[in-house]
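Thank you all for coming. Please take a moment to look at the sequence and the model on the screen, and then I will walk through it slowly.

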Amino acid sequence: MTRRKRKVAWIVLTAAGAVLTALALNRFRRGVDRNTIQRRFWNPVYDRLATWYDAVDWLTFNTTHRLRLRALGHLSPPGSRVLEIGFGSGKLHAQLAGQYQMAGLDLAPGMQRLTQRRLAAHSLTSDLRTGSVYAIPWPDASFDAVLSTFAFSAFPDADAAMDEMIRVVKPGGKVIIVDAGESKGGNLMARWLANLWELLGDYMRDEVPLMEARGLQVKREEYGPWNCIHVVVGTRPSLG
Ligand SMILES: C[S@@+](CC[C@H](N)C(=O)[O-])C[C@H]1O[C@@H](n2cnc3c(N)ncnc32)[C@H](O)[C@@H]1O
């Protein structure tokens with residue numbers, strides 16, 4: 001399939017899926033809050049259907065993975081200590097494990113098993129743990145970078161999640177978040193998609209004020225289809 005045909009197919013599939021999902025959700029979701037959707041629907045899905053989660057990359061012709069990769073340009077030098085929060089099926093994690101001293105935290109044991117298998121298949125290692133972003137099981141200032149792709153929007157309590165992610169970053173280190181959201185330029189398609197993700201239970205946020213309020217120096221870039229993806233990089237001030 002040519003690049004152009006792939007792109008058209010992706011747009012048609014996304015739009016058709018989005019319309020059908022929105023119609024179904026509007027019908028069934030009345031009165032159910034997003035926290036409940038995360039807890040009662042998404043968390044069991046991530047755990048039990050971890051292998052299927054991998055199909056997202058295949059269904060989007062690997063576009064989702066290319067969007068994740070934007071985080072790489074902001075990482076600290078190879079060899080440094082990196083923590084990935086909500087590593088999911090571990091595709092990015094396995095890519096990084098060859099170059100960085102990796103650690104990972106995810107709520108879903110199913111995702112940890114899948115990522116562990118992926119790492120083992122390439123003789124790679126990482127300190128993978130099952131647990132929540134609200135209680136990261138490493139001491140203060142343990143990592144040069146804390147990275148999270150398409151997971152921050154799944155955390156109902158953004159303040160508690162951000163406090164923890166910053167706590168484990170060394171002074172001078174970075175918190176890097178890739179996620180979906182509205183475009184600052186007001187792109188209508190991006191706004192519509194953001195509304196759809198919210199219907200699905202996600203939290204569309206601007207992480208910039210959350211980081212600035214905690215004293216980080218922040219950069220934000222938008223990219224991807226309709227600029228609906230952003231990477232936000234916050235640097236913790238160095239000591240002295
Ligand atoms: C949408 S998936 C993103 C996975 C992957 N990072 C990616 O780029 O596709 C969200 C991931 O965050 C994890 N997650 C959800 N809530 C969490 C929490 N409170 N603490 C840690 N991980 C969590 C889920 O288990 C899931 O693997």
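When I speak of helices and strands, I mean DSSP runs numbered from the N terminus, where a helix is H or I over at least four residues and a strand is E over at least two. By that definition the protein chain has ten helices and seven strands. Its radius of gyration, which is taken over C-alpha atoms, is 18 Å, close to the 18 Å that the globule rule gives for 240 residues, so the chain is as compact as a globular protein of that length; the rule itself is 2.2 Å times the number of residues to the power 0.38.

Please keep in mind that this is a predicted model, in which local features need pLDDT of at least 70 and side-chain atom pairs count only at pLDDT 80 or more, while totals for chains, interfaces and linings use all residues. Residues are numbered from 1 along each chain as its sequence is written.

Next comes burial. A residue is called buried if 20 or more other C-beta atoms, placed from the backbone, lie within 10 Å of its own, exposed if 12 or fewer do, and partly exposed in between. Of the 240 residues of the protein chain, 38% count as buried.

Which residues of helix 9 are buried? They are A190, L193, A194 and W197, and they cover an arc of only 105° around the axis, which puts them on the same side of helix 9; the arc is that of the directions from the helix axis to the C-beta atoms. Just after helix 9, G201 takes a positive phi of about 110°.

In helix 8, which runs over residues 158–167, the buried residues are A161, M162, E164, M165 and I166. What covers them includes strand 1 (81–85), strand 4 (143–149), strand 5 (169–180) and helix 10 (207–212), where a contact means that two C-beta atoms, placed from the backbone, lie within 7 Å.

Let me turn to one residue, P109, which is found in helix 7 (residues 109–121). P109 is partly exposed, with 13 other C-beta atoms within 10 Å, and, leaving aside residues up to four places away in sequence, P109 touches D47 and T130.

Finally, the ligand is surrounded by 18 residues, the closest being Y46, G86, G88, A108 and T149, where a residue counts as near if its C-beta atom, placed from the backbone, lies within 6 Å.
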